[in-house]
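Here is a brief report on one protein chain. It covers helix packing, aromatic pairs and the overall fold.

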Amino acid sequence: MIELPSKIEGKQFDLFELEKKLKPIGYTIGGNWDYDHGAFDYKLNDEDGYQFMRLPFQAVDGQLDANNCTVKLGRPFLLSHQYEAGLDDEGSSGTFSGTLNQFQEPVDKDASIPEKYRDSGKALVQELEMLLLTD
């Protein structure tokens, strides 16, 4: 994990309005959210694992699944998950095995992040600052 300090840290936004700004430029709400916190993810790469930038947020007024929820943004960071290569490339494991093993755990949840993705993450933070702080 590599933290990316930003001027957006601590800023508050209506979650619905934030989604309307971030989704069109490639962000999705990550699957690891709860009623009081979550994150937007921007996928940088998905070959041999994946690298993405995560923008965490915390509910400060309301719950994430309710209307008019206000969130406070945290510090963006880069993550890299490395998966085991060569697992059943032909899809021949069968229905039962495929049902049980469809969600492979990363071999390394905190794999190293190549420099090119670090540079991409810094550029994404600048884009977020321009989009969210200049209205």
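## Helix packing

Helix 1 crosses helix 3 in a right-handed sense. The model is predicted. Which residues of helix 1 and helix 3 make the contact? Helix 1 contributes Leu 18, Lys 21 and Leu 22. Helix 3 contributes Leu 128, Leu 131 and Leu 132. By class, five of the contact residues are nonpolar, one is charged and none is polar. Lys counts as charged and Leu as nonpolar.

Two packed helices are described by the angle between their axes and the distance between the axes. Helix 1 spans residues 15–22, and helix 3 spans residues 115–133. Their axes lie 11 Å apart, and the packing angle is about 125 degrees. Helix 1 is therefore oblique to helix 3. An angle over 145 degrees would count as roughly antiparallel, and 65 to 115 degrees as roughly perpendicular.

## Aromatic pairs

The count of aromatic pairs is four. A pair of aromatic rings is described by the distance of the centres and the angle of the planes. One of the pairs joins Trp 33 and Tyr 35. Their ring centres are 6.1 Å apart, with 80 degrees between the planes. This pair is edge-to-face; the cut-off for that class is over 60 degrees.

The limit for stacking is under 30 degrees.

| Residue | Relative accessible area | Class |
|---|---|---|
| Trp 33 | 40% | partly exposed |
| Tyr 35 | 45% | partly exposed |
| Tyr 50 | 23% | partly exposed |
| Phe 52 | 4% | buried |

Buried means under 20%. Phe 52, at 4%, is therefore buried. In the edge-to-face pair, Trp 33 is partly exposed, and so is Tyr 35.

## The chain as a whole

How many helices and strands does the chain have? It has three helices and seven strands. Along the sequence their order is β-β-α-β-β-β-β-β-α-α.

The chain has 135 residues, and 33% of them count as buried. What share of the contacts with a separation of 6 or more comes from residues 24 or more positions apart? Such residues account for 62% of those contacts.

Key. Residues are numbered from 1 along each chain as its sequence is written. This is a predicted model: local features need pLDDT of at least 70, side-chain atom pairs count only at pLDDT 80 or more; totals for chains, interfaces and linings use all residues. Side-chain values use heavy atoms; hydrogens and water are left out. Axes are lines fitted to C-alpha atoms, for helices over the stretch in contact, and angles run from 0 to 180 degrees between N-to-C directions. Helices (H or I, at least four residues) and strands (E, at least two) are DSSP runs, numbered from the N terminus. Angles under 35 degrees count as roughly parallel, over 145 as roughly antiparallel, 65 to 115 as roughly perpendicular and the rest as oblique. A crossing is left-handed if the near helix is turned anticlockwise from the far one by less than a right angle, and right-handed if clockwise. Contact means heavy atoms within 4.5 Å. Rings of Phe, Tyr and Trp (its six-membered ring) pair if their centres lie within 6.5 Å; planes under 30 degrees apart count as stacked, over 60 as edge-to-face and the rest as tilted. Buried means under 20% relative accessible area, exposed over 50%, partly exposed in between (1.4 Å probe, protein chains only).
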